[in-house]
Structures are given as structure tokens and as C-alpha cells.
Amino acid sequence: HPTELPAGDWDVAVFDNRFPSLTLEAKDQPELIVPTAPGSGKCEVIVFTQDASSSLGALPLDHLELVLQVWADRTELVGKIAEIQYVLPFENRGAEVGVTLHHPHGQIYAYPVVPPLPQRMQMLAREYYDKFGSGLLEDHIQRELNDGARILYRGEHAVAFVPVCARYPYEVWVAPVAPVETFCGLSGVQRADLARALKTVLLKY
């Protein structure tokens, strides 16, 4: 086949990135004037639908739930690789970010280290928990729900809101109300409500 997309009928396709930034076969680090390490890790592509004219926000809710389940499955499987310390699923769209595949899709980047920003977030969350005995994100989400001014979606199990001190012009947080460690820990009802929250935000965009 001319691309990695499988033949026949399918709902969501997953395959290795042909041009990965990170690979488990990385051996030698580049020689530069700054400290470097081998580009070890894993990069996968997740195609959300067979319909090249669709988009993530146009998918039916049950299909969005399936995408969340695939993210969970891949996060769990890739996260079990000994060299991997951090797994990041994300959507990428448009020529501006170098997209060469026109079907709605995202990627999974799996790193051999925890990147600096999530590492600092985790450190601050631990400090907060040690001081207050509760989760930083859990408490922040509850404060946003209580305030209500920036809520875009509020369901029984999921919420979407513009954070009180947004860093970006179009920043929205989509999250389960109850704390969940990863996509793998979502219950069926949480995943369904998170799909509704995500679709609501994408349609509002």
C-alpha cells in the first residue's frame, strides 16, 4: 500500500512513525557543543478515522470514546517498555506542524526521561499534597467548578474550562472530575463523559 494506512474497513489505526524523532534502536548520541544523549524512545501514529475529510471534533461520541480507549491501550503497552519513562499522546493537525498524513490523526511520543515541564508539575503536586493532604489538580478543578465563570462543559464525570490564569490564547483544560492517573485508569462512564467534554470543546472551537 502507498501509505501505512491498512486496507479494508477499520475504525482506528495505529502504526510506527516512518520518520520518528525517537527510536528504541538509537545507539550513538550526536556530537554537538552541548551535552546530548541518543534519541531513544518510541513514536507511533494513531489515525482516528478512515474518513480523510473528517476531524476529531466531527467524530460521533462512541468513536471518540474508542479513540480514548486506544490512547489508554497504547499508553499502557508502550509504558511497559523498560526504557520508557513518559508517554505523551497528542493530536497534530495541519501543514503548519509538518503534517504529511491528511486523515485526522495524532501521535504518541514515548520518552526515556520525564520532560522538564511535567517533571516540575509533578514536583509541585507532591509538595502540595505533602502540605494539604489532597491533590493539586483535583483541588484546582473543584475551585473552577465552584467559581463557574470559565466552565465550557460540566458533566457528572468530566469538565472543560479555561483556566483562571491561561497561558495561551485558546487554552482549555479537559479533565475527569475525579483524579485518574492516566488514560488507562478511566472507567467507562468517565471515558464517555470525557468524550462529551472533548467534543463540546472542539465544536466550540
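Is Trp71 buried or exposed? Trp71 counts as buried, at 8% relative accessibility. The values here come from a predicted model.

**Aromatic pairs**

The count of aromatic pairs comes to seven. Two of them are set out below.

| Pair | Geometry | Centre to centre | Angle between planes |
|---|---|---|---|
| Trp71 and Phe183 | tilted | 5.4 Å | 45° |
| Tyr86 and Tyr111 | tilted | 6.3 Å | 45° |

Trp71 sits in helix H1, while Phe183 lies in the loop between strand S7 (173-176) and H4. The two are 112 residues apart, and their pair links distant parts of the chain. Phe183 is partly exposed, with a relative accessible area of 25%. Trp71, by contrast, is buried because its 8% falls under the 20% limit.

Tyr86 belongs to strand S3 (residues 86-92) and Tyr111 to strand S4, so parts 25 residues apart in sequence are tied together. Tyr86 is partly exposed at a relative accessible area of 25%. Tyr111 is also partly exposed, at 21% relative accessibility. Ring pairs extend this into a cluster of Tyr86, Phe90, Tyr109 and Tyr111.

**Nonpolar cores**

In soluble globular proteins, nonpolar side chains tend to be buried together. Here, the largest nonpolar core has 26 residues. Which of them touch the most other members? They are Ile46, Phe48 and Leu56. At least two residues of this core come from each of helix H1 (61-79), strand S4 (105-111), strand S6 (158-161) and H4.

Leu56 has contacts beyond four places in sequence with Phe48, Leu64, Glu91, Arg93, Pro104, Leu198 and Leu202. A second core is separate and holds seven residues, among them Trp10, Phe15, Val47 and Leu101.

**Gln190 in helix H4**

Gln190 is placed in helix H4 (residues 188-204). Its relative accessible area is 10%, so Gln190 is buried. Leaving aside residues up to four places away in sequence, Gln190 touches His157, Pro176, Ala178, Val180 and Gly185.

**A nonpolar surface patch**

Leu32, Ile33 and Val34 make a nonpolar surface patch of about 370 Å². Where is Ile33 found? Ile33 is in the loop between strand S1 (13-16) and strand S2 (42-47). Ile33 counts as exposed because its relative accessibility is 88%, and exposed means over 50%.

How values were computed: Residues numbered from 1 in each chain as written. Predicted model: local features only at pLDDT ≥ 70, side-chain atom pairs only at ≥ 80, totals over all residues. Heavy atoms only, no water. Helix = DSSP H or I, 4+ residues; strand = E, 2+ residues; numbered from the N terminus. Buried < 20%, exposed > 50% of the residue type's maximum accessible area, 1.4 Å probe, protein only. Contact = heavy atoms within 4.5 Å. Core = buried A, V, L, I, M, F, W, Y, C linked by side-chain atoms within 4.5 Å. Patch = residues over 30% accessible without salt bridge, like charges linked within 9 Å, V, L, I, M, F, W, Y side chains within 5 Å. Areas by Shrake-Rupley, 256 points an atom, 1.4 Å probe, with all protein chains shown as cover. Salt bridge = Lys/Arg side-chain N within 4 Å of Asp/Glu carboxyl O. Phe/Tyr/Trp six-rings, centres within 6.5 Å; stacked < 30°, edge-to-face > 60°.
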